[in-house]
Amino acid sequence: MQFRLGLVRAATAGLAFWNATFSFPPNDEWPPISEDEFIRRCSPGVDRERALRVRRIIAEQLDIDYDRIYPEQRFVEDLGCD
């Protein structure tokens with residue numbers, strides 16, 4: 001039981017370190033946009049389903065709100081992936 005509690009504490013400490021170390025886009029800089037607005041901002045000819053699938057994957061992997069992912073965002077400068 002103590003081993004599990006230690007794992008939970010280590011995971012919690014790791015999450016706190018992650019959140020303190022990596023900065024995500026400020027909410028006021030990238031307000032939420034709809035899927036339709038996201039597609040309008042994409043390059044002409046982009047497949048809607050594929051673009052939204054990529055948006056969903058980025059949101060899940062980076063733990064960022066789905067509706068705050070924009071097609072013009074840059075991974076390092078805007079999404080904090082360095």
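Residues are termed buried when their relative accessible area is under 20%, exposed when it is over 50%, and partly exposed in between (1.4 Å probe, protein chains only). By this scheme E37, at 23% relative accessibility, counts as partly exposed. The structure is a predicted model, in which local features need pLDDT of at least 70 and side-chain atom pairs count only at pLDDT 80 or more, whereas totals for chains, interfaces and linings use all residues. Residues are numbered from 1 along each chain as its sequence is written, and side-chain values use heavy atoms, with hydrogens and water left out.

The protein chain contains 3 helices and 0 strands, where helices (H or I, at least four residues) and strands (E, at least two) are DSSP runs numbered from the N terminus. Along the sequence the elements follow the pattern α-α-α. Of the 82 residues in the protein chain, 23% are buried. Among contacts (heavy atoms within 4.5 Å) with a separation of 6 or more, 48% join residues 24 or more positions apart.

The largest nonpolar core comprises 13 residues, a nonpolar core being a set of buried Ala, Val, Leu, Ile, Met, Phe, Trp, Tyr and Cys residues joined through side-chain atoms within 4.5 Å. The residues with the most contacts inside this core are F38, I58, L62, I64, I69 and L79. Helix 3 supplies the largest share of the core, namely 5 residues.

Side chains of opposite charge can pair when their charged atoms come close. A search of the whole structure identifies 7 salt bridges, each defined by a side-chain nitrogen of Lys or Arg within 4 Å of a carboxyl oxygen of Asp or Glu. One of them joins the side chains of R48 and E35, with an N to O distance of 4.0 Å. This pair links distant parts of the chain, since R48 belongs to helix 3 and E35 to helix 2, 13 residues apart. R48 is partly exposed because its relative accessibility is 32%, and E35 is likewise assigned as partly exposed at 33%.

A further salt bridge is formed by R40 and E37, whose closest N and O atoms are 3.0 Å apart. R40 and E37 lie 3 residues apart in helix 2 and are therefore separated by about one helical turn. R40 is exposed, its relative accessible area being 59%. Both residues also take part in a network of salt bridges that links E37, R40, R41 and E72. In another pair, D78 and R74 form a salt bridge with the closest N and O atoms 3.2 Å apart. D78 is buried, with a relative accessible area of 10%, whereas R74 is partly exposed at 45%.

The C-alpha atom of S43 is separated by 9.8 Å from that of E72, 29 residues apart along the chain. Although not a glycine, D63 has a positive phi of about 55°. D63 is exposed, with a relative accessible area of 65%.
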